[in-house]
Amino acid sequence: MTEHVKSYYAASANPHQPYPQLNESIECDVCIVGGGYTGLSSALFLVEAGYNVVVLESARIGFGASGRNGGQLVNSYSRDIDVIEQRYGADSARLLGSMMFEGAEIIRSRIKRYAIECDYRPGGIFAALNNKQYHTLIEQKGHWERYGNTQLELLDADRIRQEVASDRYVGALLDHSGGHIHPLNLALGEAEAIRLQGGRIFEQSAVTDIRHGDPALVSTAHGQVSARYVIVAGNAYLGDKLEPRLARRSMPCGTQVVTTEPLAPDVAQSLIPHNYCVEDCNYLLDYYRITADHRLLYGGGVVYGARDPDDIDNLIRPKLLKTFPQLKGVRIDYRWTGNFLLTLSRMPQFGRLENNVYYMQGYSGHGVTCTHLAGKLIAELLRGDAERFDAFAKLPHLPFFGGRNLQIPFTAIGAAYYTLRDRIGV
């Protein structure tokens, strides 16, 4: 049995019953491989539309990045709209830009419709560590406003200190349409909504083979599913054997998170008075927020190739204390690592492996909101409207140079270059 990683999220998860293992042969309209946000969002949109849906999860619902991430609802993609305009042209930018803020709205609507208790709080801050980053945020505000986000507020050096009790920042952009959640509880709530709508979920049911055909046959160690359509939604936890074509186009990367002991409520409020979530603007960024029980949750850094570091505390505590030196001596109660899936373009990869087999992956650190958008788009496609799904599918899905053997060192070299640029502010 593969259980959730020992994280703060697992320790504070809402009470829930495990789902059964697949031990028989069954049929459905749509079989979804993966019980993270991509799979759950897809399944929920599809069961709402009347499809007979089966979700196969190799471990537990929300086992991967969906149940381990920083819990921040960050709009747009890992490459912002100005890069999309320059790289892919006006038509692609128009379609992709029109969807930049939709994922967060989907999450809020899910929370409201299904009464999901996941500690949602509105508002997210992008914090600039130097003047170059602040000017980039000014430009970002203009770009986002052109595509309809009217909930943005620039914060100068004085205003950011009113929102974050740290001397590190020269300014910030506050996105009132962002926010933060307990990510595992969101996943569990969405899974329960799928069950209540008639969808079937199986845990501890790793897919061992997908036999392409009409219908497709999806096999596990103890059962199989015959399906009209298959959606591959394993992301960083899919592995490189089930669908090698996807593995060549992406790379799992690890990020680390710690959570402090509960702080006195007044101390927690003094750190981030309006309970926004925060991320800085570095290439390898730090992100943090206050949890519902007054802990500081702090994450950052990237380990290429998804190796677990030897000592998470030594990686994260110096960053935490550089941001909040007033927390010197604070105890770390939880620490964990999790993987996200990086693409060379930093844009998500949607597409077709066969006529009736689809995939969505590679959100490159912006997965919380974009995964929920992905579920809506695949439901649109299966109902006959492919335009928005194809806006992503038409983007080039480039393989990493040198294949799996060289992608880690080459990517790490690139990251070191950008880290140096962050430090000197150019």
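Q: At what angle do H2 and H12 pack, and how far apart are their axes?
A: Two packed helices are described by the angle between their axes and the distance between the axes. In this predicted model, H2 and H12 pack at an angle of about 40°, with their axes 8 Å apart. Helices (H or I, at least four residues) and strands (E, at least two) are DSSP runs, numbered from the N terminus. Axes are lines fitted to C-alpha atoms, for helices over the stretch in contact, and angles run from 0 to 180 degrees between N-to-C directions. Angles under 35 degrees count as roughly parallel, over 145 as roughly antiparallel, 65 to 115 as roughly perpendicular and the rest as oblique; H2 and H12 are therefore oblique to each other.

Q: What conventions apply to the numbering and the model?
A: Residues are numbered from 1 along each chain as its sequence is written. The model is predicted, local features need pLDDT of at least 70, side-chain atom pairs count only at pLDDT 80 or more, totals for chains, interfaces and linings use all residues, and side-chain values use heavy atoms, with hydrogens and water left out.

Q: In which hand does H2 pass H12?
A: A crossing is left-handed if the near helix is turned anticlockwise from the far one by less than a right angle, and right-handed if clockwise. H2 passes H12 in a right-handed crossing. Contact means heavy atoms within 4.5 Å; here the residues include Tyr37, Ser41 and Phe45 of H2 and His372, Gly375 and Leu382 of H12.

Q: Where does His372 lie, and is His372 buried or exposed?
A: Buried means under 20% relative accessible area, exposed over 50%, partly exposed in between (1.4 Å probe, protein chains only). His372 lies in helix H12, residues 367–382, and is buried, with a relative accessible area of 1%. Beyond its neighbours within four places in sequence, His372 is in contact with residues including Tyr37, Ile106, Leu186 and Glu190.

Q: How do the axes of H2 and H5 cross?
A: The axes of helix H2 (residues 37–48) and helix H5 (residues 102–113) come within 13 Å and cross at roughly 60°. H2 and H5 are therefore oblique to each other, and H2 passes H5 in a left-handed crossing. Leu44, Phe45 and Glu48 in H2 meet Ile106, Arg110 and Arg113 in H5.

Q: How many aromatic pairs are there?
A: Rings of Phe, Tyr and Trp (its six-membered ring) pair if their centres lie within 6.5 Å; planes under 30 degrees apart count as stacked, over 60 as edge-to-face and the rest as tilted. By this rule there are 13 aromatic pairs. For Tyr9 and Trp336, the ring centres are 5.4 Å apart and the planes at 65°, so the pair is edge-to-face. This pair links distant parts of the chain, with Tyr9 in helix H1 and Trp336 in strand E15, 327 residues apart. Both Tyr9 and Trp336 are buried.

Q: Which residues other than glycine have a positive phi, among them Asp119?
A: Phi of Asp119 is near 60°, and Asn235 has a positive phi of about 50°. Asp119 is found in the loop between H5 and strand E4 and, at 32% relative accessibility, counts as partly exposed. Asn235, at 18%, counts as buried.

Q: Which residues does a cis peptide bond join?
A: The bond joins Asp214 and Pro215, with omega about 10°. Pro215 lies in the loop between strands E8 and E9.
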